[in-house]
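Subject: Structure handover

Hello,

The sequence and structure you asked for are below.

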Amino acid sequence: MSGVHFEQPYAINAGNGYGATFHVFSLDQGSTWIGRYITHNKTFRGCHDDLCMDNRSQVSTTADGSVLVFSWSDSDFEGVYENILPDIWCQGYDVETQLFTDVFNVTFLSDIWLETHMAVSSPILFVRENGFLIPFALQSIPGGDPVLPVQYRYVSDYSINYVDYILLNVLDNAVNHPYLSVSSIFPNPAREITIIAIELQQTMEVKIEISNLHGQMLYSEAIGVLGSGQHVIQTDVSMFTPGIYFYTISAGDQVQTRKLVVQ
């Protein structure tokens, strides 16, 4: 699942036992949307007198948008039914390989275990040799007493490694493309002419679009009506500045998006 991601942080309204964390995204620049279930939150809101905190779902990404990490706060502790003993939880997703990590408890058994109030993640992941570093900032409320001064804490050393990406993309079961098959683009990275091989199961009208990481369409070309069988689409990308893009092939009501790197 390569595609353009539009993220909306934080919960809107829910209740303990009725909340879940989802990854909501679009593969066609917002025409349609897909929601991928991540986890069922045990709690939703926790209050210390007038000081309340929700799950605070957030997303961090590498500078090129190729890796996402979703994070949220939740109290998953026996006998606790409000979000008053929160930990930070997270899951990583690789856009290119379509692999996920397990859901991890970032603060389990640490010195801020069950105390990660008002946690926020860095919007940018730091790339390391073996994976990605995810900085978090939070407030610790001593004894759960909001009258006492809070302690501001910084989690500076939590990382997800490349070997952690082991779960297959469940989206394959949700999005079906019975009439259109699209290969990866070649060459990729590309400098000038790119070649995309597609296969149609019936005669369809085909179009290609190229957009940037912000979902802005930069190029659109109507290829025309193509018959069933294999076809090759050539596109000149020499006008694009180096960076990460997404190309979308549309055939009738079938749409597939892949990542394109321009050198």
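In these notes, buried means under 20% relative accessible area, exposed means over 50%, and partly exposed is anything in between, computed with a 1.4 Å probe on protein chains only. This is a predicted model: local features need pLDDT of at least 70 and side-chain atom pairs count only at pLDDT 80 or more, while totals for chains, interfaces and linings use all residues. Residues are numbered from 1 along each chain as its sequence is written, and side-chain values use heavy atoms, with hydrogens and water left out.

Salt bridges

A salt bridge here is a side-chain nitrogen of Lys or Arg within 4 Å of a carboxyl oxygen of Asp or Glu.

Asp54 is bridged to Arg45, with 2.6 Å between the closest N and O atoms. Asp54 has a relative accessible area of 18%, so the residue is buried. Arg45 is at 36% and therefore counts as partly exposed.

Arg153 and Asp111 form another salt bridge, at 2.7 Å from N to O. Arg153 belongs to strand β14 (residues 151-155) and Asp111 to the loop between β9 (104-105) and β10 (117-121), so this pair ties together parts that are 42 residues apart in sequence. Strands (E, at least two residues) and helices (H or I, at least four) are DSSP runs, numbered from the N terminus. With a relative accessible area of 28%, Arg153 is partly exposed, whereas Asp111, with 59%, is exposed.

Asp76 pairs with Lys42, and their closest N and O atoms are 4.0 Å apart. This pair links distant parts of the chain, 34 residues apart: Asp76 is in the loop between β6 (67-74) and β7 (87-94), and Lys42 is in the loop between β2 (34-40) and β3 (46-48). Both are partly exposed, Asp76 at 45% relative accessibility and Lys42 at 29%.

The sheet with β14

Strand β14, which holds Arg153, is also part of an open sheet of three strands in the order β10-β13-β14, paired antiparallel. Two strands pair if DSSP finds at least two bridges between them. β10 and β14 are the edge strands, each pairing on one side only. From one strand to the next, the twist averages 15 degrees; axes are lines fitted to C-alpha atoms (for helices, over the stretch in contact), and angles run from 0 to 180 degrees between N-to-C directions.

β13 (residues 136-140) and β14 are joined by five bridges in the antiparallel sense. Ala137 stands opposite Tyr154 in β14.

Regards
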